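This briefing looks at a ligand and the space around it. Please have the sequence and the structure open while reading.

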Amino acid sequence: MTIADVEARGRTPVFPDGFVWGAATAAYQIEGAAREDGRGPSIWDTFCRTPGRVAGGHTGDVACDHYHRYAQDVALMRELGLGAYRFSVSWPRVQPDGSGPANPRGLDFYDRLVDRLLAAGIAPYATLYHWDLPQPLEDHGGWPSRDTAHRFADYAALVHGRLGDRVRTWITVNEPWVAAFLGYGNGVHAPGRTDPADALRAAHHLLLGHGLAASLLRTAGAGEIALTLNLAPVIGDEEAAARADILLNRQFLDPALRGSYPPDLLEVVERVAGLGHVRDGDLALINQPLDLVGVNYYNPCYVASRPGQPADPAWPGSEGIAFVDPGGPTTAMGWPIAPDGLTRLLVRLSRDYSGVGLLVTENGAAFDDVVVDGRVHDPERLAYLDGHLRAAHAAIAGGADLRGYLVWSLLDNFEWAEGYRRRFGIVHVDYATQRRLPKDSALWYRGVIERNGLA
Ligand code: FCB
């Protein structure tokens with residue numbers, strides 16, 4: 001079926017042939033087994049042990065115990081009909097010190113996982129960095145230090161060396177904005193540092209790490225290479241919206257896809273951090289040919305110009321911009337529900353950055369689910385997913401080159417600073433027993449996948 005056929009079907013939301021349906025997770029959020037088989041500590045292990053950082057003092061020590069239950073979890077994915085599974089590789093399992101030779105037992109786990117997935121007919125999508133920086137690298141400066149980008153490339157080579165014969169799709173870095181600006185800007189995420197200059201340096205080095213890794217993955221023959229960004233349409237008056245768009249979206253899209261930073265961004269960087277860390281040739285290294293941009297979409301960003309407003313610590317350069325609450329329905333995270341924003345975002349991406357495919361690598365919602373008589377009725381999540389899939393479909397009709405959709409998340413899991421109190425899974429996890437229970441939304445999603453479209 002062609003896009004024209006999709007359009008011709010009018011309001012029946014059927015997706016193009018070959019559209020990829022799947023689910024996503026990340027290592028620290030589900031694996032547990034924090035001290036097994038030679039795994040070293042990551043910045044999230046340290047952060048979780050720092051009082052007051054994570055709700056309830058929760059940690060990823062056990063999480064969903066996926067490290068031991070992966071076979072059962074893959075069987076569940078198969079029952080749901082998933083075509084793709086996006087997981088992340090834990091750097092501190094592979095390199096407990098963040099450098100040097102690989103710890104074979106760490107790689108063995110991903111080897112087993114990938115083989116299981118392939119045997120179940122599920123395509124493995126591997127993310128190399130989903131925020132679990134080895135603690136020894138943070139002790140040497142973390143992402144504000146240029147050396148971390150080189151260490152990341154070495155690590156990427158080790159993982160590809162082991163899994164590259166079976167994993168076709170590689171995502172280098174997940175959400176560098178969050179890693180840089182929540183990790184080093186407002187300190188809400190690990191490592192919990194609060195220095196706007198370091199946050200900007202971290203952003204550049206995460207991009208550099210992406211570029212170095214993408215280049216070597218390409219040379220090594222990787223099938224598809226992607227960078228996953230948390231992107232959002234920015235809604236508000238023109239001046240505030242344009243600036244926030246630069247800070248959130250274009251700070252990453254432009255260097256990765258065009259090989260340049262927006263001039264207004266460089267002014268911010270120069271003023272806040274200086275430009276010493278942006279070396280000649282860096283932009284060329286960052287600007288590697290990509291097959292896909294991974295789009296993590298949860299909600300739009302709402303702003304308004306407000307003279308005198310100081311910069312938000314997570315947004316160096318946001319002086320004079322207020323982040324406003326649009327009102328209306330929200331998820332349990334307090335995040336606004338606005339599916340139209342996804343259409344707008346995807347159409348804009350294909351228009352402004354043509355030539356690269358789009359893959360929704362995360363989209364989903366937390367609600368306060370309860371198990372009643374062995375079922376989880378989650379009509380709000382189901383409606384959220386249905387609305388966003390309709391929005392994705394509309395984007396394809398509007399010209400977006402969208403190749404697939406991965407729901408966040410397969411399982412309820414450790415939601416970073418929120419601990420286990422926020423449930424994003426389409427499958428419920430009882431943390432006391434580790435029992436998995438597909439929610440109504442999972443059963444519905446299975447039908448969507450079967451039909452390649454909505455009812
Ligand atoms: C994204 C993260 C993912 C998950 C969702 C809710 O920012 O990439 O790990 O926590 O938010």
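How do the residues of the lining of the largest pocket divide into nonpolar, polar and charged? In this predicted model, the lining has 25 nonpolar, nine polar and six charged residues. The ligand takes up the space of this largest pocket.

**The pocket**
- The largest pocket holds about 1000 Å³ of space.
- Its lining is made up of 40 residues.
- Nearest the centre of the pocket lie W177, V178, L182, N299 and W335.
- Two elements that each supply at least two residues of the lining are α9 (176–181) and β8 (301–305).

**The residues around the ligand**
- The shell around the ligand consists of Q29, H130, W131, N174, E175, N296, Y298, E362, W408, E415, W416 and F424.
- Sorted by class, this shell contains five nonpolar, four polar and three charged residues.

**Polar contacts and burial**
- In the side chain of H130, a polar atom is 2.8 Å from an oxygen atom of the ligand.
- For E175, the distance from a polar side-chain atom to an oxygen atom of the ligand is 2.6 Å.
- W416 has a side-chain N or O atom that lies 2.9 Å from an oxygen atom of the ligand.
- The ligand taken alone exposes 290 Å², and the protein buries 95% of that area.

**To sum up**

Conventions
Residues are numbered from 1 along each chain as its sequence is written. This is a predicted model: local features need pLDDT of at least 70, side-chain atom pairs count only at pLDDT 80 or more; totals for chains, interfaces and linings use all residues. Side-chain values use heavy atoms; hydrogens and water are left out. A residue is near a molecule or strand if one of its heavy atoms lies within 4 Å of it. A polar contact is a pair of N or O atoms within 3.5 Å; within protein, one must be able to donate a hydrogen and the other to accept it, and residues adjacent in sequence count only if both atoms are side-chain atoms. Accessible areas come from the Shrake-Rupley method with a 1.4 Å probe; for residues, only the protein chains shown count as cover. On a 1 Å grid over the protein atoms alone, a cavity is a set of points where a 1.4 Å probe fits but cannot get out, and a pocket is an open set with protein on both sides within 12 Å along at least five of seven lines; lining residues have an atom within 4 Å of a point. A molecule sits in a cavity or pocket if more than half of its atoms lie within 2 Å of its grid points. Ala, Val, Leu, Ile, Met, Phe, Trp, Tyr, Cys and Pro count as nonpolar, Asp, Glu, Lys and Arg as charged, and the others, Gly among them, as polar. Grid points are joined across faces, edges and corners, and a volume is the space filled by probe spheres set on the points. Helices (H or I, at least four residues) and strands (E, at least two) are DSSP runs, numbered from the N terminus.
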